[in-house]
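Subject: Structure handover

Hello,

Here is the structure I promised to pass on. Please have it open while you read; my notes follow below.

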Amino acid sequence: MRLHEYQAKEVFADAGVPVPESRLATTVEEVVEAVADIGFPAAIKAQVHVGGRGKAGGIKIATDEDEARQYADEILGMDLKGYTVEKVLVEAGVDFENELYVGITMDRGEGEPVAMVSTEGGVDIESVAEETPEAIAREHIDPAFGFHPYQARKVVYDAGIPGDIAGDIASILSTLYDLYESKDASEIEINPVMITADREVVAADAVMNIDEDALFRQPELAEMEDEAAEDDLEAKANEYGFDYVRLSGNVGIIGNGAGLVMTTLDLVDHFGGEPANFLDIGGGAKAERVANALDMVFADENVDAVVFNIFGGITRGDEVAKGINEALEQFDEIPKQVVVRLAGTNAEEGMEILNTDLVEVEATLEDAVQQAVENAQEASQ
Amino acid sequence: MSIFVDDDTRVVVQGITGGEGKFHTEQMIEYGTNVVAGAVPGKGGQEVAGVPVYDTVDGAVEAEDADASVIFVPPAFAGDAVFEALDTDLDLVVAITEGIPTQDMAKVNKRLSETDTRLIGPNCPGIITPGEAKLGILPGNIFESGDVGLVSRSGTLTYQVVSNLTERGIGQTTAIGIGGDPIIGTSFVDALEAFEADGDTKAVVMCGEIGGEDEEQAAKFIAEYMDTPVAGFIAGRTAPPGKRMGHAGAIVSGSGTGTADSKISALNDAGVPVGDTPNEVAEYVEDFL
């Protein structure tokens, strides 16, 4: 789960990381009120999970009230790479001389966290990592012992941070690791940390991703989850407890097991269609869960046809068939053509139960996907 | 022959009294696995599916001479359960549990490096040597004994590929699901190394997916050290960057690392044909044999 910038900054500020004064706003009038308190210049920043917000026009600096009003009007409601901006963060502008990068993430190859510092802040750190990897200093952290203060100092010095602010940056980095550990973050970064003319350091942006598997022990962060969801359907998926990702195509996809669902998406593409979503009902799903999955995919207006692919291990074909019947028998007219493929545990029992007046059935994964792609093409014509 | 598990493997089930633990213990026994004990704190002295339960893994191992464990403990307590297993000197620990916090696994991973125990998983379907033993939740009936080793990050995708193999009359030496999490015990390279050393394994299938660099490491290993032919499959070609595709580990980072393209070209460069569909993978294997 990725927190919005304003949510991450609240967490940072509570932990003592210096952040600019700011207010969250959802209307032009709220923006105008906020700048009246904060003063000028003020940054108006779209709160959506999109990289390169600034370049895309989602961040503007207002120098007076008219500009603030104009930019707020432009940004609120704008479409930023497919996401509608509903909230903006109004923040005191920082007059800076330098921009740094600090971050902590999990190094999967090493199986331990790594702290990173660079003087090349303010730009996409991943392109820095590709083009000039030596510009990023790294220090691995033994998760059993934690982040020693000397390690924070070392990585700051290794990065070539000027001596007068090295202590401040090391202290921010230590705080970030405390948050990383105590909040079960998977990634935490400030890009940029701004250095002002008076040699003050300020976190101008904030990224914090939380390990979804740890939300059970992070109740405060779990509460932020709904607010962090960008999309009504994704919010609905959270409610049902599905692994769901919305995509831009028109073939709805439901299956069991992440690898097999991903493969089904790939096959839709392979046969010339475009996947509308990733939806994994998980292992051992009962009829009700199956019906909920169909309900979710039908709710996506982009979907023109659906493929339902189950290879049962702990999931039972008869339960799946019951769920499909339940979901479809409530309609006078089936909203979208559904192709079903059942294999594995109790697949034969499932095929006996399945109401084949309501769905098409295919025996193999390839045939099922191909049929759904054709159905979608026909329906969209 | 086989790798990691066979007829002689003596298994303790951690979490045997829970719904999943009990059901799959029965399934494992029915398949012929030597399940010798269960371990659940506070449930010592009970019996599940005819198997004696002990309060601790240590107690179970001591009394029943177990050498492997399968973990069906809920995610909040599973990290602790793996630590308990690792402190008991077992040869093999298979963690089925899905959803263990990554930071718990980072600590487990550290401890693992100090022991001689092999960990498979977490968030995996387990391991099966057809006709001998299965440790985990794989549906035994779809597997056949044969010449092909299979290693995969995903459970149901494994079943799909196995059924494509079985339709062609191709059986397996051992099949391993290594799990879909960012931090796992046994990697592709570990499994490939064992299959290469196994005289009976004539070909290997590896099913990878987006995220991380395990498949790229595997490609390097295959190019340098393997004579046994390998066919591959990579799931997640159509996954957009920054979105977790179900598995915690299946995510393409913003800069494009961990993409399907990078994995497919690394495997192709190592001489590994990568199927566009699971059925194509089975065709490649048929050509190898």
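Start in chain B. B:R10 has B:N34 in β2(B) as its bridge partner. Strand β1 (residues 10-14) of chain B and β2(B) run parallel, joined by five bridges. Two strands count as paired if DSSP finds at least two bridges between them. Helices (H or I, at least four residues) and strands (E, at least two) are DSSP runs, numbered from the N terminus. From β1(B) the chain passes through helix α1 (residues 19-31) of chain B to β2(B), a right-handed β-α-β crossover. Right-handed means that, with the strands pointing away from the viewer, the path from the first strand over the helix to the second runs clockwise.

This is a predicted model: local features need pLDDT of at least 70, side-chain atom pairs count only at pLDDT 80 or more, and totals for chains, interfaces and linings use all residues. Residues are numbered from 1 along each chain as its sequence is written, while chains are lettered from A and ligands numbered from 1 in the order in which they are written.

β2(B) also pairs in the parallel sense with strand β4 (residues 51-54) of chain B, over two bridges. Strand β2 (residues 34-39) of chain B is largely enclosed by the rest of the structure, because five of its six residues are buried (20 or more other C-beta atoms within 10 Å of a residue's own; C-beta atoms are placed from the backbone).

Next, B:Y159. An unreviewed UniProt entry annotates B:Y159 as "binding site"; such annotations may be inferred rather than shown by experiment, and positions are given in the numbering used here, with feature names shortened. B:Y159 sits in helix α5 (residues 155-167) of chain B. B:Y159 is buried, with 29 other C-beta atoms within 10 Å. Leaving aside neighbours within four places in sequence, its contacts are A:F311, A:G313, A:G344, B:P139 and B:I142 (contact: C-beta atoms, placed from the backbone, within 7 Å).

Now the interface. 49 residues of chain B touch 49 residues of chain A. On the chain B side, α3 (75-86), α4 (102-112), α5, β12 (203-209) and α9 (278-288) each supply at least two residues.

Last, chain A. An open sheet of four strands has the order β1-β6-β2-β3, with antiparallel pairing. Its edge strands are β1 (22-25) and β3 (59-62) of chain A, each pairing on one side only.

Best wishes

Technical notes. A residue is buried if 20 or more other C-beta atoms lie within 10 Å of its own, exposed if 12 or fewer, and partly exposed in between; C-beta atoms are placed from the backbone. Two residues are in contact if their C-beta atoms, placed from the backbone, lie within 7 Å.
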